[in-house]
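My notes follow in the order I checked them.

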Amino acid sequence: MRSNDGAIPLHVLRSGPILRDMLNRSIALLVGVLLACGVTTANAEESRGSHAAPTYAELPVGAPTTLPWWQRGRLHVGGTVISTRNSDIVSRNGTTVVAPGEERRRDHRTTSWFLVEGKRLVRLPVRAPSGPPLLSANGRWLAWLEVRARETEDYWRIERYRTVIYDVERGRVATSFRDRRLVAWGDGINGIWLRTLSNRGRLVLLQGDDGVKVLSPRGRLARFDGPRSGYTSVDGWPRGTTVLRSGGVSVYGLVGRDGGFSRSGRFAVSFAGLWSADGRNYAYSDDSSEAPTYWVRPLDGRPVRLATPSDVPYLGVVGWESADAVILWHFDDYSNRPTSRLVRCSATTGACERVPGGPRPGAWATMPSRY
């Protein structure tokens, strides 16, 4: 299901672990095709960093992670433990937002989100059901979409939107706008979809047939004059935005509050990646071969291959602890006893280490997710 400009609707991306797994496998296949056609995310001969393949047990043990994680009704944030049933986590650069998991949202029709402040959960001013928020890489800004619509069996229905940019530092809504649209509710045609949120709080969004727009904390909705893109699943460049072009190559650049776009550069990367808070490094997986490889690609240098353990088949990039330290997580919940392995890698050297004190084997767990 796609919108009329080819974008993947966010309700599809957020529709559950099974569909997300199907999407990730489809993305991996697409990236493989692009690589076969000559579009590469990284080349071993051009890269730097460690290429050793130790087992998980052979990795040195580092410090516990500072990233949040949830398991058995407890949210762990550094050394703080908060009892909560809210298991969905969005976290960037020390700012953490939690929400009810998919099962609770479905059963209780609740979508309250909470900002973690010390040992407390502070309710955010969300007024209507919608998906999880976007969080800028520096943790300063939140953006979310509220949707109200009458239930109908018709293909088209009227949806009322409220788009919000929230200033985490000041603890208040910075700006918002409302819209009323005739939407094909089954697949979101002509609806509003949030795309990227920069470290300056500039939100790039799709406003249905009206096209791509930019909303700033201290500005009005403006038309985006950069290149168009059909994808919403690429993490936006923190200093501006990222636009995925044909052939798997992304263009990144600055965004003005008047919607102006100033291109800074381009490179080919995996869809399933995450920028560091300062926008200098992009961590991602390359799933084009039978055994995935993991990389950090700097803006101004050669890619670094991460020396991830050879006996851990699949890892996901869940967050950056610092400008150099990226966290990857393997969680297998297909068995009766889930397994969990947490790895920290250096963006500079590619060296990795085991991370203690994270989610434990044996029970369902969550860590930060962009969706």
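**Salt bridges, cores, a sheet**

I counted 13 salt bridges in what is a predicted model.

I looked up three of these pairs one by one. Arg181 bridges to Asp179, with 2.7 Å between the closest N and O atoms. I checked burial on both sides: Arg181 has a relative accessible area of 7% and is buried, and Asp179 is buried as well, at 17%. Both values fall under 20%, so I put both residues down as buried.

Next I took Glu353, which forms a salt bridge with Arg344, again with closest N and O atoms 2.7 Å apart. Here Arg344 is buried at 10% relative accessibility, whereas Glu353 is partly exposed at 21%.

I noted Glu117 as partly exposed, at 36% relative accessibility.

Then I turned to the nonpolar cores. The largest holds 16 residues, and those touching the most other members are Val296, Leu306, Trp320, Val326, Leu328, Val343 and Cys345. Strands S21 (293–298), S24 (325–332) and S25 (339–346) each supply at least two residues of this core. Another core, of 14 residues, lies apart from it and includes Leu134, Trp141, Val183 and Leu203.

Last, I traced an open sheet of three strands, ordered S16-S17-S18 and paired antiparallel. Its edge strands are S16 (241–244) and S18 (261–268). I recorded an average twist of 30 degrees from one strand to the next. Strand S17 (residues 249–255) is joined to S18 by seven bridges, and Leu254 stands opposite Ser262 in S18.

Methods:
Residues numbered from 1 in each chain as written. Predicted model: local features only at pLDDT ≥ 70, side-chain atom pairs only at ≥ 80, totals over all residues. Heavy atoms only, no water. Core = buried A, V, L, I, M, F, W, Y, C linked by side-chain atoms within 4.5 Å. Buried < 20%, exposed > 50% of the residue type's maximum accessible area, 1.4 Å probe, protein only. Helix = DSSP H or I, 4+ residues; strand = E, 2+ residues; numbered from the N terminus. Pairing = 2+ DSSP bridges. Axes fitted to C-alpha atoms, helices over the stretch in contact; angles between N-to-C directions. Salt bridge = Lys/Arg side-chain N within 4 Å of Asp/Glu carboxyl O.
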